[in-house]
Amino acid sequence: MNIQMIGIDHTTAAVDVREKFSFTTTVQARIMAETKALPGVLGALLLSTCNRTELWVHCRPGVAPDLVACLCAAAGADAAAYRDRFRRREGREAVAYLFHMASGLQSQIFGDDQILTQVKEALDRARAALCTDTVLEVLFRMAVTAAKKVKTGMQTSTANTDSVAFSMEMLRGEGYDFRGRQCLVIGNGRMGKLAATALREAGADVTVTVRQYRSGVVEIPQGCSRIDYGRRMELLPQCDIVVSATTSPNVTVKYEQLAACPRKDALLCIDLAVPRDIDPQVAQLPGVRLLDIDSFRVPQSAELQRLREAAEEILEQQIQEFGTWYDCRDMIPLTEELSEKFAVDAVTRVEGSLRRLHLDEDTAAGFRQQLEEIARKQFRRLVFAVRDEAGAATFRQCLGAVEKLYD
C-alpha cells in the first residue's frame with residue numbers, strides 16, 4: 001500500500017511556523033499539480049487548515065518522492081531548516097491517521113466539527129485540479145464516512161464543537177460575559193460568519209467587515225451590522241472585542257494602527273486565522289489581551305478518554321474495510337464481468353415465464369432491462385458484503401467459485 005503523507009500541525013509546530021505553510025487555493029492547486037507530475041506519483045491531495053498542512057500521495061510501488069521539499073519550495077522555505085517539523089506516515093499508518101484526523105481525534109479541540117468539512121473540501125479541490133486518483137478518492141471518501149459515524153456516536157457537547165465555540169466557552173469559564181459587548185468581526189467568510197453568529201447569539205452587538213465587489217450581494221449573519229473593511233479602525237475605539245478570521249495573507253490589525261488608535265481600557269483580540277491576521281506585537285499594548293488559534297486547547301478528562309475509546313472501536317472497523325477494499329481492488333473488473341453474467345443468467349431463467357405473460361415487445365424489453373439492473377446491483381451487494389465481512393481471501397475464493405460456475 002504505497003500511500004504516503006507528510007504533515008506539519010499543532011503538535012509539531014507553533015502557529016508562527018505553521019503559517020509559513022498556509023497556502024491560498026491557487027497555490028494549493030499548483031502544489032498538487034506539480035506533485036502529481038513527479039515520476040511514479042499517481043495521485044496527490046493537499047489539506048491546508050489553521051492547524052495543519054498535509055500533502056498526500058499515492059505512488060507506484062517503490063516510489064518515495066521528497067514531499068517536504070515540495071511544500072518547502074512552494075513556501076520559499078529551506079527544507080533542511082524545517083524537515084524535522086514534518087511528520088511522515090505511509091501505508092496503513094497513514095490510513096489510520098487520516099480516519100482519526102477526519103473524526104476530530106487529532107485536533108486541538110477534541111471532536112472538532114470543522115475538520116470534517118475541511119477534509120471534504122480538500123478532496124473537492126484535488127478533484128477540481130484533476131490530481132486525485134481512485135485510491136485517494138476512495139480513501140478520503142471512506143474517511144469522511146467513518147468520521148460521520150464517529151460523530152453520530154459521540155453524543156456530548158464536548159465532542160460537537162469548533163474553535164469559535166470553544167474559545168467562547170473558555171472565556172465564559174473565566175467569567176467573561178459577552179452580553180452587551182461591542183464586537184468587530186473582521187472577515188465574512190465561513191469562520192467569520194461562525195464567529196459573528198456565535199457572538200450575536202451570546203448577546204453581543206456585532207459588526208462585520210465586508211468588502212464591496214463589483215457584482216453580487218454581500219450577505220452577513222442575521223442581526224449583525226456591517227462596515228466596509230477599509231473603515232474597520234474607525235469602529236475600533238468603541239469595541240470590547242475584535243475577532244479576525246480571514247483567509248488573507250495580509251495582517252488585518254497592525255501594531256502601529258492599534259497603538260495609535262483610542263481604545264477602551266480592556267480590549268480582547270481573538271485571532272482565528274492561519275496565517276495570523278493580528279500582529280502578535282499588539283499583546284504588548286496596555287489593556288490588550290490577544291488570543292490566537294494555539295490558545296484553545298481542551299484539557300484531557302475521563303469523559304474525553306471514554307469518547308476516544310468509543311471512537312476507536314468505530315474507526316477500527318472502517319479502517320479494516322478500506323484495507324480490504326485496497327487489497328481487493330484488482331478484483332473489481334472481474335466483479336463487474338461476473339455481475340453482467342449474473343444479470344444475463346437471471347433474465348434467461350425467466351424468459352419462459354415472460355413469454356407466457358404475452359406482453360407486448362416494449363413492455364417485455366423494459367422488464368428485462370429492469371431485471372438485469374436489479375440482478376447486477378444485488379450481485380455486487382452480496383459479493384461486497386462477503387468482502388467486507390469475511391475479508392480479502394474469502395472474497396477472492398468466492399469470486400473464483402462464481403467464475404468457475406459461469407465458465
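Author: Two strands pair if DSSP finds at least two bridges between them, and helices (H or I, at least four residues) and strands (E, at least two) are DSSP runs numbered from the N terminus. This model is predicted, with local features needing pLDDT of at least 70, side-chain atom pairs pLDDT 80 or more, and totals for chains, interfaces and linings using all residues. Numbering starts from 1 along each chain as written, and side-chain values use heavy atoms, without hydrogens or water.

Reader: Which strands are the edge strands of the open sheet?

Author: Happy to walk you through it! Six strands make up this open sheet, with parallel pairing, in the order S7-S6-S5-S8-S9-S10. An edge strand pairs on one side only, and that applies to S7 (225–228) and S10 (288–291).

Reader: Which residue in S9 stands opposite Val242?

Author: Let's start with the two strands. S8 (residues 241–244) and S9 (residues 267–271) run parallel, joined by four bridges. Across from Val242, S9 places Cys269.

Reader: And what angle does the direction of helix H9 make with that of S5?

Author: Helix H9 (residues 190–201) packs on the sheet, where it touches S5 (182–186), S6 (205–210) and S8; contact means heavy atoms within 4.5 Å. Angles run from 0 to 180 degrees between N-to-C directions, with helix axes fitted over the stretch in contact. Between H9 and S5, the angle is about 170°.
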